Amino acid sequence: MGASPGSFASCRFLILFAFQLMLSITLGRAGMLSDSFLDKNRRKENVNIFASYTDASGDIQTITINSKDLSDSWVWENLADKNHDLLKDAKHMVTGLDDRNWSSTDEHGPQEGELQNRQTLPITPVKLLRRQLRQTKRENRTAELIQQDKTAEYQKQVAAIEQSKNLNNKISGGKYSIWKREYNNQHGDDVLKLMRDQVIIAKAYASIAQAKDDVELYTSLMNCIQRNRKAIGEANSDVELHASALERAKAMGHVLAVAKDKLYDSNLLARKLRVMLQSTEDRTTVLKKQSTFLIQHVAKSVPKGLHCVSLELTMEYFSRDHSSEEELIDTEKLVNPTLYHYAIFSDNVLATSVVVNSTTSHAKEPENHVFHIVTDKLIFVAMKTWFLVNSPPNVTIQVENIDDFKWLNSSYCSVLRQLESDRLKEYYFKANHPTSLSAGTDNLKYRNPKYLSMLNHLRFYLPEVYPKLDKILFLDDDIVVQKDLTPLWSVELGGMVNGAVETCKESFHRFDKYLNFSNPKISENFDPNACGWAFGMNMFDLKEWRKRNITGVYHRWQDMNEDRTLWKLGSLPPGLITFDNLTHPLDRSWHVLGLGYDPALNQTEIENAGVIHYNGNYKPWLDVAVVKYRHYWSRYVMSDNPYLHRCQISDDGLTQ
């Protein structure tokens, strides 16, 4: 017969009762027995012992039992004598614990008048033993779980190894089979990559076959290489491959399988591939040098069409009298500080016209915008003629010749004095420069005429050029304006001289990119991690400029850099130094750079920018321009202009 529910309840009661009774005896009389009670001689006294337990329904019950009713199996001990050391350890364990550690095991809580005694009572050996048992149990369980995790991980590794052993890594149809499912994608380039790899391996085996006088195999491999190259052609994907590419790849696979069976030697093949790799790297280095040389050459050259436009405009000026048109310019606007003034220094007629056209087309009040254009004596007449004939309506445009600034001479201008020195000419035009396509690329960038032109450094003399103006917006000739720029005059510069967009992103375009921090003159005065900013669209406070004598600061640093040990040529490095801690950062959306070198710019940022800048070698009027960026510039080219038509310049500004 099975046990009844009542018997289970009775057993549970007896177990709980015995457990609670043991605790009660340990803790003292009436739930906290004193040590004197535990005296063996007083065991038969009629002392009532209170105990609590939980019945089968989960309710808490109490019971009273007399000490004389205990069986002989109960052992009475004097805690004060026998467990003095244990109590001492227990007291030490509980030092610093809060009152919760002294709570009674009696679920009813302390009886009235016992709370104070219970708070000062040290932990008992039984309770200490229980804690030790629980701690040991936790440690054992933790170790068990850790071992289970290690065992499970090991089993997974073993299963993975066994599974990999069962994989069939053999490819049917030859060593270089193309009958694989992934090659069914006609819009991928898997077949193209395979055929290129085949050519590389075939060249290695052909070299080995030639060394071993296996003429037949060598001839077969070379024929396959030629056929594969012909099938590949200029393809960039599988769909662009020749129709016979698939069959030729199969044929190459069979020939390579034969070559491997006859000539395979892992060490020899590895050496051949290393030689081929080194040779390829050497050729790549040479091609990079040639590419750099040619790009720099194109960047500094003037396209035939632009040169033609300058000549046509010059002839137009001297063949017709434009004096009456020149008199129509409102000279009062040129010095009115309440209007919006722009400074453009350029020798490129077409590029300057795009800047003016794009700016005025977005201006809300074109009649309040004044453009100050400065060029050199070679382009001066052509530039003046262009804007006399093609000036946007209601806009004031002034064209000046830099050679007319008599104050700008070598005795006043440091950089002009340096540019005229024989040592600088020797350094940048004769010594240490490549004379052929395969020569080195050192200082190629600085052979661009713009780095040696005073038009590039005239920006440091704006207060002298425009002494009656308070603010002016400087614009490079390789920018395109896409928004009304008049809000820039309302930007509070906070006592700064220059308002510009910062260009540093992480470690890119910080001061250490432009300045030589190994020189103590630089390292002791500037922070290498300071953020750089862009020349190309800059709002200058000319009143603050004059107050701080910024031009004098520029001269001082230019004089210190006469030996070119602080920075190379260019206007940005001295600009960073001159306007250090004097530049107010503008919102990045005002000026987006990189259209002249980075084909991966964010399209949304370009569309939302106030000004886009074609800084770099790929100018929009050159054949090497990034095609997808060219239309932003060409939309402002006056394609119906007769001068452009005669010089065969297309709608995108390129020579036809």
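Is C308 buried, partly exposed or exposed? Select C308 and look: it counts as partly exposed, because its relative accessibility is 21%. For these words, buried means under 20% relative accessible area, exposed over 50%, and partly exposed in between (1.4 Å probe, protein chains only).

Before you go on, remember that you're looking at a predicted model, where local features need pLDDT of at least 70, side-chain atom pairs count only at pLDDT 80 or more, and totals for chains, interfaces and linings use all residues. Residues are numbered from 1 along each chain as its sequence is written, and side-chain values use heavy atoms, with hydrogens and water left out.

**First stop: C308 and C647**

Helices here are DSSP runs of H or I, at least four residues, and strands are runs of E, at least two, numbered from the N terminus. The S-S torsion is about -80°, so this disulfide is left-handed. C647 is buried, at 6% relative accessible area.

**Next stop: C504 and C531**

Now pick C504 and C531, joined by a disulfide with S to S at 1.7 Å. This link is left-handed too, with -100° about the S-S bond. C504 lies in the loop between β8 (498-500) and α19 (511-514), and C531 in the loop between α20 (520-523) and β9 (537-541). C504 is buried, at 15%.

**Zoom out**

The structure holds 2 disulfides. Number the bonded cysteines in sequence order and the pairing reads 1-4, 2-3.

Note on methods:
A disulfide is a pair of cysteine sulfur atoms within 2.5 Å.
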